[in-house]
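Subject: Structure handover

Hello,

Here is the structure we talked about. Please open it alongside this note.

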Amino acid sequence: MFDPGEVRDILISAARQRTALTYSDMLSVLGHVFTRPLMRQLCKVLDRIDEDGRVAGEPGLAVLVVRQSDGLPGQGWFVSRTGVYDNLPLEWEGPEARRYTEARQREAFDYWGAHDR
């Protein structure tokens with residue numbers, strides 16, 4: 001349903017602008033209204049993009065897609081990275097999760113601000 005290349009391009013553009021997008025914003029840019037089923041499909045694509053990027057030595061981009069309520073990625077973002085990264089916070093909300101998220105976002109901002117592709 002979602003083209004990983006298109007989603008990746010949108011995320012790289014957001015990283016270069018040093019901004020995050022809500023799940024609703026991302027779905028809107030892709031021409032859809034927010035629904036939970038669409039969000040779940042989008043999350044699968046985001047996970048794939050991050051895995052491909054990790055293999056290529058790039059920082060994650062999915063961390064730029066956040067909940068409107070608190071500006072953090074959803075619980076699934078943290079859970080899907082368990083076992084891949086050993087420094088994940090123990091909680092998916094709160095100050096520790098915010099610090100971790102902001103650090104990962106800065107990595108994406110800095111990387112894509114300095115790289116063409």
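Predicted model: local features only at pLDDT ≥ 70, side-chain atom pairs only at ≥ 80, totals over all residues.

Residues are numbered from 1 along each chain as its sequence is written, and side-chain values use heavy atoms, with hydrogens and water left out.

**Helix packing**

Two packed helices are described by the angle between their axes and the distance between the axes. Helices (H or I, at least four residues) and strands (E, at least two) are DSSP runs, numbered from the N terminus. Axes are lines fitted to C-alpha atoms, for helices over the stretch in contact, and angles run from 0 to 180 degrees between N-to-C directions.

Start with helix α1 (residues 4–16) and helix α3 (residues 36–55). Their axes are 10 Å apart, and the packing angle is about 75 degrees. The two helices are therefore roughly perpendicular (65 to 115 degrees; under 35 is roughly parallel, over 145 roughly antiparallel, the rest oblique). On the α1 side, the contact uses Pro4, Val7, Arg8 and Leu11. On the α3 side, it uses Leu42, Val45, Leu46, Arg48 and Ile49. Contact here means heavy atoms within 4.5 Å. By class, that gives seven nonpolar, no polar and two charged residues. Ala, Val, Leu, Ile, Met, Phe, Trp, Tyr, Cys and Pro count as nonpolar, Asp, Glu, Lys and Arg as charged, and the others, Gly among them, as polar.

Next, α1 against helix α5 (residues 95–114). These axes come within 7 Å and cross at roughly 95 degrees. That makes α1 roughly perpendicular to α5. From α1, Arg8, Ile12, Ala14, Ala15 and Arg16 take part. They meet Ala108, Phe109, Trp112 and Gly113 of α5. The contact of α1 with α5 divides into six nonpolar, one polar and two charged residues.

**Aromatic rings**

How many aromatic pairs does a search of the whole structure find? Three. Rings of Phe, Tyr and Trp (its six-membered ring) pair if their centres lie within 6.5 Å; planes under 30 degrees apart count as stacked, over 60 as edge-to-face and the rest as tilted.

Trp77 and Phe78 form an edge-to-face pair, 4.8 Å centre to centre with 85 degrees between the planes. Trp77 counts as buried at 9% relative accessibility, and Phe78 counts as buried at 1%. Buried means under 20% relative accessible area, exposed over 50%, and partly exposed in between (1.4 Å probe, protein chains only).

Tyr111 and Trp112 have ring centres 4.9 Å apart and planes at 80 degrees, so this pair is edge-to-face. Both residues are buried. Trp112 is in helix α5, with 0% relative accessibility. Its C-alpha is 5.6 Å from that of Arg16, 96 residues away in sequence.

Ring pairs also link Trp77, Phe78 and Tyr100 into a cluster. Arg104 lies over the face of Tyr100, 4.5 Å from the ring centre. The test is NZ of Lys or CZ of Arg within 6 Å of the ring centre and within 35 degrees of the ring normal.

Ala62 is in the loop between α3 and β2 (65–66). Is Ala62 buried or exposed? Buried, with a relative accessible area of 3%. Not counting residues up to four places away in sequence, Ala62 touches Leu11, Leu46, Asp50, Trp77 and Arg81. The C-alpha atoms of Ala62 and Ala20 are separated by 9.5 Å, at 42 residues apart along the chain.

Asp50 lies in helix α3. Asp50 is buried too, with a relative accessible area of 11%. Under that sequence cut-off of four places, Asp50 touches Gly60, Leu61, Ala62, Trp77 and Arg81.

**Two loop residues**

Most residues other than glycine have a negative phi. Arg18 is not a glycine, yet has a positive phi of about 55 degrees. Arg18 sits in the loop between α1 and β1 (21–22) and is partly exposed at 45% relative accessibility.

Phe34 is in the loop between α2 (23–29) and α3. Phe34 is partly exposed at 32% relative accessibility. Beyond four places in sequence, Phe34 touches Tyr23, Ser24, Leu27 and Met39.

Best wishes
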